[in-house]
Structure formats: C-alpha cells, structure tokens
Amino acid sequence: MKTTKRTARRAITKRRPVRFHILTIFPDIFDSYLGESLFKRAQKDGLLSVMVHNIRDYTDDRHAKVDDRPFGGGPGMVLKVQPIWATTAAIKRIAQRRTKKVRTRTILFSPRGKKLDAAAARRLAKYDELILICGRYEGVDERVAEYIADEEMSIGDYVLSGGELPALVLMEAVSRQLPGFLGKEESLEEINGSFPTYTRPEIFAPAKSKKWKVPGVLLSGNHKKIEEWRTEHGAPVRE
Ligand code: SAM
C-alpha cells in the first residue's frame, strides 16, 4: 500500500481510534466545531470518531419527553434517567459486538464533578470508547451519577447552561493526547509548558505615539537565550 501522509499519521497511533459518544438533547451544537481544523482532520485520518446521540430518540415516552419536574419541588426541569440509560445501553451493546475487550468510560458533566486537568485527559485517552453525558436545565436525575456514569467531571467553578461545551472541551483535551492529532508533537504544551508567542511585525504601531515591540531576545537567533526566556516567562500546564 502506498504510504500517504494520512496513513502514516494513522499508523503511528498503533491503537484503535477513540470513539466519543455524546449524549445530548441538542445534537446540532457539535457540527461546526467538529467539522473544522484538527477534529475534521483527525476524523478523516481515522484517529478518532464522534457519534452524537439525541437522547430523545431513546425515550419510552410516547411524547418523547426527556425531562420532568423535580421531586420535592423547585424551579426548572430535570433530565430523566430512562432515555440516558437506554442510550448508554445501546452504545455498550454495539461496542461489545465489535469487540469484547472494549475499554469504555462513562462521564457525566456536572459542576460538582472532579475538575478536568491534563492528568485526567491523559488517563481518559487510554479508553476506546468515551460516553459523555451532557446535562441541561436543572441538571440530570441523580441516578445517572449513581448507576450509569463512572465519574462526574467539571470543567471549572462556574455553572454553564449545558454539558455540550464541557464535552467539546474534554474531547479536545483528550484528543491532544492521541499521537498524530497535533500536526507537530512539539505543540503539546502539556509537555513543554505554555509560554507567550509573537509573530510579525516586529513593531506594531496602532497609533503614532504607540509602539508595541517584540522582546529583542526572540529576534536574536540565540536559541539558548530564547529557551531561557521562554522558561522564565512560561508556566507549566497544571498536572
Ligand atoms: N443545578 C445543576 C447542578 O447543580 O448540577 C446545574 C445544572 S446546569 C444549568 C446544566 C448542566 O450543565 C449540568 O447538568 C451539567 O451537565 C452542565 N454543566 C454546567 N456547568 C458545568 C461545569 N462547570 N462543568 C461541567 N458541566 C457543567
């Protein structure tokens, strides 16, 4: 077989593509982000695949109801356990039909969950199938956390309207750990740390009296000095 850039990128992984399953009531949210740039290329190259499941398709309710009022009262609606259970069960059944040895992890997004960091992304990158459950409204029936999810994960100490952005954040953090996802391995800031970067022009003058200059050391061509400057001004990515 002729080795193209694409097959070469795929070959260096020597592993099954990671399959992300997203459970949501707003499946269209994902189209534009996943259809561009690195995700688009990674899916084309077979490094990963993404399946977006509308949990409304799995409801046993004849009105396809995915939410209901909270027991005990209070404002807002809660996502029901049944469609989420039925969706995850169907995903696991199909995955096991492909191979018995599939490593699956189910994650429920919650502001109360464990904080996503680089170490968690590395750990999750070892699974074959990641099932990501996106909450909405007042949240998700707690039995999903108790009986279906392996872990609850938060992307920060703030409350968002849904788990869809957290799912994209997690998918990107995990995908960056997959060999071949980034064009150049050295872009992996999780290893090199994060430091300030500049590009042309060397001096930018937004007004006559203002001159925004690039630090001289970066123009010096002295690689040792540049490395020292980057170490001094950079920050390691939190483990
Ligand atoms: N009252 C809910 C609670 O305390 O969990 C908050 C519900 S929030 C408006 C709706 C959904 O957005 C959550 O169920 C969760 O899936 C997601 N979400 C919101 N903030 C999040 C965060 N910081 N990290 C991860 N998921 C979050």
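This is a predicted model: local features need pLDDT of at least 70, side-chain atom pairs count only at pLDDT 80 or more; totals for chains, interfaces and linings use all residues.
Local features are reported only at pLDDT of at least 70 and side-chain atom pairs only at pLDDT 80 or more, whereas totals for chains, interfaces and linings use all residues. Residues are numbered from 1 along each chain as its sequence is written, and side-chain values use heavy atoms, with hydrogens and water left out.

**Overall architecture**

- The protein chain contains nine helices and nine strands, taken as DSSP runs numbered from the N terminus (helices: H or I, at least four residues; strands: E, at least two).
- Of the 239 residues in the protein chain, 38% are buried, meaning under 20% relative accessible area with a 1.4 Å probe, protein chains only.
- Among contacts (heavy atoms within 4.5 Å) with a separation of 6 or more, 75% join residues 24 or more positions apart.
- Carbon and sulfur atoms hold 53% of the chain's accessible surface of about 14,800 Å², as computed by the Shrake-Rupley method with a 1.4 Å probe.

**Nonpolar cores**

- A nonpolar core is a set of buried Ala, Val, Leu, Ile, Met, Phe, Trp, Tyr and Cys residues joined through side-chain atoms within 4.5 Å.
- The largest such core has 30 residues, of which F20, L132, L170 and M171 touch the most other members.
- Elements giving two or more residues to this core include strand 1 (18-24), strand 5 (104-115), strand 6 (129-133) and helix 7 (164-175); helix 7 gives the most, with five residues.
- Setting aside residues up to four places away in sequence, L132 touches F20, H21, I22, L23, I107, F109, A167, L170 and M171.
- A second, separate core of 15 residues includes L23, L108, I133 and V144.

**A buried threonine**

- T88 lies in helix 4 (residues 81-98) and counts as buried because its relative accessibility is 4%.
- Beyond its neighbours within four places in sequence, T88 is in contact with L23, I131, I133 and I148.

**Ligand site**

- The ligand has 20 residues around it, and F109, G135, G156, Y158 and L160 come nearest; a residue is near if one of its heavy atoms lies within 4 Å.
- Polar contacts are pairs of N or O atoms within 3.5 Å.
- A ligand nitrogen atom is 3.3 Å from a polar backbone atom of E138.
- The protein covers 85% of the 570 Å² of accessible area that the ligand has on its own.

How values were computed: Buried means under 20% relative accessible area, exposed over 50%, partly exposed in between (1.4 Å probe, protein chains only). A polar contact is a pair of N or O atoms within 3.5 Å; within protein, one must be able to donate a hydrogen and the other to accept it, and residues adjacent in sequence count only if both atoms are side-chain atoms.
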